[in-house]
Amino acid sequence: MYTTGQLAKKCNVSIRTIQYYDRRGLLHAKRTENGLRHYNDQDLKQLQEGTVT
């Protein structure tokens, strides 16, 4: 599981880009009890391959 910042860093994109994709429903974060978003390996793969649609 990756936080927004970790995912952004691994994929060399901005945190705002991750947040945008999340708002548009292109990435599917799981929320923790305190509201933090966590992304999985599938989200990472989509971003790395450029297949976020």
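Student: Where is Gln 46 found?

Tutor: Gln 46 is found in helix H3. Bear in mind that we are looking at a predicted model.

Student: What makes Gln 46 count as buried?

Tutor: Set the value against the cut-off. Buried means under 20% relative accessible area. Gln 46 has 15% relative accessibility, so it counts as buried. Leaving out residues up to four places away in sequence, Gln 46 touches Leu 26, Leu 27, Thr 51 and Val 52.

Student: Which residues of H3 are buried?

Tutor: Asp 43, Leu 44, Gln 46 and Leu 47 are buried in H3.

Student: Why are the buried residues of H3 said to line one face of the helix?

Tutor: Look down the axis of H3: its buried residues fall within an arc of 160°, and therefore they line one face. Helices H1 and H2 are among what covers these buried residues of H3. On the face turned away from the buried side, H3 carries the exposed residues Asp 41 and Gln 48.

Student: How do you know that Lys 45 is partly exposed?

Tutor: Lys 45 also has its place in helix H3. Partly exposed covers values between the 20% limit for buried and the 50% limit for exposed. Lys 45 has 42% relative accessibility, so it counts as partly exposed.

Student: Cys 11 brings us to H1. Which residues are buried there?

Tutor: In H1 the buried residues are Thr 4, Leu 7, Ala 8 and Cys 11. Seen down the axis of H1, they fall within an arc of 100°, so they line one face of this helix too. What covers them includes H2, strand S2 (37-38) and H3.

Student: How do H1 and H3 cross?

Tutor: Their axes come within 10 Å and cross at roughly 35°. The crossing of H1 past H3 is right-handed. Leu 7, Lys 10 and Cys 11 of H1 make the contact with Leu 44, Leu 47 and Gln 48 of H3. By class, this contact of H1 with H3 has four nonpolar residues, one polar and one charged.

Student: And why is H1 called roughly perpendicular to H2?

Tutor: Helix H1 (residues 4-11) and helix H2 (residues 15-23) pack at an angle of about 110°, and their axes are 8 Å apart. Angles of 65 to 115 degrees count as roughly perpendicular. The angle therefore makes H1 roughly perpendicular to H2. The crossing of H1 and H2 is right-handed. From H1, the contact uses Thr 4, Gly 5, Leu 7 and Ala 8; from H2, Ile 15, Ile 18 and Gln 19. The residues of this contact of H1 with H2 divide into four nonpolar, three polar and no charged.

Student: Why does Asn 12 count as exposed?

Tutor: Exposed means over 50% relative accessible area. Asn 12 has 73% relative accessibility, so it counts as exposed.

Key:
Residues numbered from 1 in each chain as written. Predicted model: local features only at pLDDT ≥ 70, side-chain atom pairs only at ≥ 80, totals over all residues. Heavy atoms only, no water. Axes fitted to C-alpha atoms, helices over the stretch in contact; angles between N-to-C directions. Helix = DSSP H or I, 4+ residues; strand = E, 2+ residues; numbered from the N terminus. Parallel < 35°, antiparallel > 145°, perpendicular 65-115°, else oblique. Left-handed = near helix turned anticlockwise from the far one by under 90°. Contact = heavy atoms within 4.5 Å. Nonpolar A, V, L, I, M, F, W, Y, C, P; charged D, E, K, R; others polar. Buried < 20%, exposed > 50% of the residue type's maximum accessible area, 1.4 Å probe, protein only. Arc of directions from axis to C-beta.
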